[in-house]
Amino acid sequence: MSIRDSIDDAPMSRYQVMVVGICLAIVLSEGYDLLLMAFAAPDAAQEWGLSGSQTGLLLSSALVGMALGSAFIAPLADRTGRRPLTLCCLLLVTVTMALAALTTNVAQLGACRLLTGVGIGGLVASLPVLTAEFSPRRRRGTMIALYTTGLPLGGVIGGLVAALLTSTFSWRASFVAGAILTFLLLVLVYARMPESIDYLLVRRPAGALEKINATLPKMGLPPIDALPDPEPQAEQGMKAAIFTGRNGIRSLLLGSAFFIMMAAFYFAASWTPKLLQESGMSAQQGISGGMLLNLGGAAATLTFSVLAIVATSRTLTIAALIGASVSFLGMSAALGSLGTALIAAVAVGVFVNASATGLYALTPDCYPASVRATAVGWASAVGRLGAIISPILAGILIDRSWTPSSLFVLFAIPLLIGALLVAAIKMPTQERAPALSPSPEGAQA
């Protein structure tokens, strides 16, 4: 029996739960760091007299960095290891969040947000892979769903901190708080996070056997005498493993679905507080709407983690994308009423975050371990293009007198297309055993 089979067959140990918990804490912090700009933007725009287009560019600057980080930084996790990449990205985010608090104009803040996005992009593409690799296959969808709860919860914390610190100090204080939080996580990762066993088995760096044997007993598994023979798939080139054959089709479908999902996600996350204000609500009510959207997202990811025990990530993702389309249309119709709009904001948060959770849970199971972080990084990078475009597009359309309602309608239709793209994905297990009826979790393998 291979080490991977032993991990899949054994119950999840407290040590594995700790590793997943660290990943959750990191993405919680990065959710704060990323979504904080949505709450700070109104005050920064007022201080510097920014137009809608300039505000949209500021909101998108971190997303540009995330695309670069996902495409070019996250793949390093397959070469240098998951642990060193995580440490470097956390250090980058710590420094740039602190520098953002010292900026005196929009260009400086945009540059800091770009670099912060590079660090976050490297983290959010590689950490789901680490979470998956420390989870038994039957619990993988659930663990990744719990992991992705951190992003919307981080947004909720960002709203609370922004409301508290902005009223007492200024919007800059919330960036200082983010830098301190990220630095504490850097120390935690250095002290407690191990290297991925899957990475050590595939890449075999110096000391791989010793590192594996230091980790296995903590997971309740016996040490090994020697490294097993490398799997044939580990010798396959990265480009061939991701962009050719069946995996090439999966990469196209997943990248397109990520593009649509992230365009809708970051439009809603970035612009909802300001659009609620433009619909006649106060600044505080706008912040409340943004917080409710993220609370809905947190509730969705927790629900997803439970449903993933009995249903496949693919099925749940299709349902979530359809629900997101309907909720965007509902938000468009509800903007004239405070109570209804806040309820609709929760629904938007529920379904768009569930869509993100589903895609991040689905993608690692589509590729071999030797290219997993690279594949997730590239799919995420394609998605970041949608994340970059949507806030800028919204700002341009606002300057051209588009209403908040019409903007939510604009993003509703592509979400239905995203559901069709996910439905077209054929998982590797289905190809290997088409005559069988695999269990829900087995279908994700």
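Figure 1. Apart from neighbours within four places in sequence, A320 is in contact with F351, A354 and S355. R79 lies 241 residues away from A320 along the chain, and the C-alpha atoms of these two residues are separated by 34 Å. The structure shown in this and every other view is a predicted model.

**Figure 2. T317 and its contacts.** T317 is found in helix α14, which covers residues 313-334. With a relative accessibility of 0%, T317 counts as buried. A polar atom of the T317 side chain lies 2.6 Å from the backbone oxygen of S313. When neighbours within four places in sequence are left aside, the residues in contact with T317 are F304, S355, G358, L359 and V422.

Figure 3. The structure holds three salt bridges. In one of them, D78 pairs with R82, and the closest N and O atoms are 2.7 Å apart. In another, E133 pairs with R82, with the closest N and O atoms 2.6 Å apart. E133 lies in helix α5 (residues 106-133) and R82 in helix α4, so this pair ties together parts that are 51 residues apart in sequence. Salt bridges with shared partners join D78, R82 and E133 into one network.

**Figure 4. The salt bridge between R172 and E47.** The side chains of R172 and E47 meet in a salt bridge, with an N to O distance of 3.2 Å. The pair links distant parts of the chain, for R172 belongs to helix α8 (residues 171-192) and E47 to helix α2 (residues 14-48), 125 residues apart. R172 counts as buried because its relative accessibility is 19%, and the limit for that term is under 20%. E47, by contrast, is partly exposed, with a relative accessible area of 42%.

**Figure 5. T182 in helix α8.** T182 lies in helix α8 and counts as buried at 0% relative accessibility. The side chains of T182 and S29 make a polar contact at 3.2 Å. Not counting residues up to four places away in sequence, T182 touches S29, E30, D33, L90, V93 and T94.

**Figure 6. A nonpolar patch on the surface.** F259, V382, L385, I389, L393, W402 and L410 form this patch, and together they have about 540 Å² of accessible area. Which helix supplies the largest share of the patch? The largest share, four residues, comes from helix α16 (residues 372-399). One member of the patch, L393, is found in helix α16. L393 is partly exposed, with a relative accessible area of 33%.

**Figure 7. Two loop residues with a positive phi.** Most residues other than glycine have a negative phi. R204 is not a glycine, yet its phi is positive, at about 55°. This residue lies in the loop between α9 (197-203) and α10 (208-215), and R204 counts as partly exposed at 28% relative accessibility. S401, likewise not a glycine, has a positive phi of about 75°. S401 is found in the loop between α16 and α17 (404-423). At 63% relative accessibility, S401 counts as exposed, a term used for values over 50%.

**Figure 8. Confidence along the protein chain.** The protein chain averages a pLDDT of 83, and 93% of the residues score at least 70.

Technical notes:
Residues numbered from 1 in each chain as written. Predicted model: local features only at pLDDT ≥ 70, side-chain atom pairs only at ≥ 80, totals over all residues. Heavy atoms only, no water. Buried < 20%, exposed > 50% of the residue type's maximum accessible area, 1.4 Å probe, protein only. Polar contact = N/O pair within 3.5 Å; in protein donor to acceptor, adjacent residues only side chain to side chain. Contact = heavy atoms within 4.5 Å. Patch = residues over 30% accessible without salt bridge, like charges linked within 9 Å, V, L, I, M, F, W, Y side chains within 5 Å. Areas by Shrake-Rupley, 256 points an atom, 1.4 Å probe, with all protein chains shown as cover. Salt bridge = Lys/Arg side-chain N within 4 Å of Asp/Glu carboxyl O. pLDDT = per-residue confidence, 0-100.
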